[in-house]
Amino acid sequence: MEGTTADLPLSARVRPFIEVNERCAASHLTAAELHRLPQRRDNESLEAYHLIRPEGAAHLDRPHVIVHRMKLYSDEVTTVDGIPVTTPERTWLDMAEILTLDELVVMGDSCVRVPRENFEGRDLPLCSITDLQRMIDRHKGKRGLRKAKEAIRLVRVGSDSPQETLLRLAMVRAGLPEPELNVPVILEDGTRHHEPDLSYRKYRIGIEYEGEHHGKERQIVRDIDRSERYAALGWTEIRISKRHMLNDAKPAVAKIRAALIQAGWRRTD
């Protein structure tokens, strides 16, 4: 029976605990999973379900359920697969109690990114940076608030993956100029070309993060075509992979710094 239950979608597994308890909503790790937001890099398993229960509500004590008793406003609850779940922005603020600063920035970037409708079936972000700020302003004194205030200063629209966010953070902390994110290369005649993951238009440098799928044959063909387009435009392509992200992404930063210096950048720019 346990195996059968484990095979059910998360929404189906958590639904019974919410339906029998009014004024509850899935929250924290459970809400992040339901919203498909990136969480911890160690991908800890959801052995318990997290529920939020407003202050003043009756006590709730059930096995495999972690209950968080705190302020919860009606506009901080949405529905996912028919069950009440904290909104992405409220989930982000709640996760400030659990995540590291960088993990919280990764989640924030994922919340505010503009999705690609062809692949994801939607073209609107889960929320805006203004929505994240509203949560911070509303919940004064909340655990993790200081971390959330630090994280929101680092959240940017445009990052398409956790790896892109972590690379950007490493670059900026190393003193490199902040790159643009997924901005298309547009020539003087208005011709629109590809969108580098991160780029420096001033120095004609595009940075591409190569995920595991880049080893597949069809992707290799696309990557070769992309490299040829970079060369034709007079741009420098920098390809970063997982191995460059080791040791706090120092190999990636060194590779990018070398390209910037060769293109004329100086630390005082």
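Which residues make a nonpolar surface patch of about 220 Å²? In this predicted model, the patch is made by V114, I129 and V157. V114 lies in the loop between α5 and α6 (residues 117-120), and with a relative accessible area of 47% it is partly exposed.

The protein chain as a whole contains 11 helices and nine strands, and buried residues make up 47% of its 269 residues. Of the contacts with a separation of 6 or more, 57% are accounted for by residues 24 or more positions apart. The chain exposes about 14,800 Å², of which carbon and sulfur atoms supply 50%.

Helix α5 (101-112) is mostly covered, with 12 of its 12 residues buried. The end C-alpha atoms of α5 are 17 Å apart, in agreement with the 16 Å that its 12 residues should span at 1.5 Å a residue. The cover over the buried residues of α5 includes α3, α4, α7, α8 and α9. The largest nonpolar core has 24 residues, of which W92, L104 and M107 touch the most other members. Two or more residues are given to this core by each of α3 (28-34), α4 (88-95), α5, α7 (129-138) and α8 (145-152), and its largest share, six residues, comes from α5. When residues up to four places away in sequence are not counted, L104 touches W92, M95, A96, L99, K147, A148 and A151. Apart from this core lies another, of 23 residues, among them M171, I240, A249 and A252.

Helix α9 (residues 162-173) likewise has 12 residues and reaches 17 Å from its first C-alpha to its last, close to the 16 Å expected at 1.5 Å a residue. Its buried residues are E164, T165, L166, L167, R168, L169, A170 and M171, and they pack against α5, β6 (180-181), β7 (198-200), β8 (205-209), β9 (236-240) and α11 (246-262). The helix is followed by G175, for which phi is positive, near 90°.

Side chains of opposite charge can pair when their charged atoms come close. The count of salt bridges comes to 19, and one of them joins the side chains of D109 and R168, with an N to O distance of 2.9 Å. Because D109 lies in helix α5 and R168 in helix α9, this pair ties together parts that are 59 residues apart in sequence. Both partners are covered: D109 counts as buried at 0% relative accessibility, and R168 is buried with a relative accessible area of 2%.

D160 takes part in salt bridges with R113 (3.2 Å, N to O) and with R116 (2.5 Å, N to O). D160 is partly exposed, with a relative accessible area of 25%, as is R116, with 33%, whereas R113 is buried, with a relative accessible area of 10%. Elsewhere in the chain, D75, E76, R90, D94, E97, R138 and K142 are linked in a network of salt bridges.

Conventions
Residues are numbered from 1 along each chain as its sequence is written. This is a predicted model: local features need pLDDT of at least 70, side-chain atom pairs count only at pLDDT 80 or more; totals for chains, interfaces and linings use all residues. Side-chain values use heavy atoms; hydrogens and water are left out. Helices (H or I, at least four residues) and strands (E, at least two) are DSSP runs, numbered from the N terminus. Buried means under 20% relative accessible area, exposed over 50%, partly exposed in between (1.4 Å probe, protein chains only). Contact means heavy atoms within 4.5 Å. Accessible areas come from the Shrake-Rupley method with a 1.4 Å probe; for residues, only the protein chains shown count as cover. The expected span of a helix is 1.5 Å times one less than its number of residues. Patches are made of residues with over 30% relative accessible area and no salt bridge: like charges are joined within 9 Å, nonpolar side chains (Val, Leu, Ile, Met, Phe, Trp, Tyr) within 5 Å. A salt bridge is a side-chain nitrogen of Lys or Arg within 4 Å of a carboxyl oxygen of Asp or Glu. A nonpolar core is a set of buried Ala, Val, Leu, Ile, Met, Phe, Trp, Tyr and Cys residues joined through side-chain atoms within 4.5 Å.
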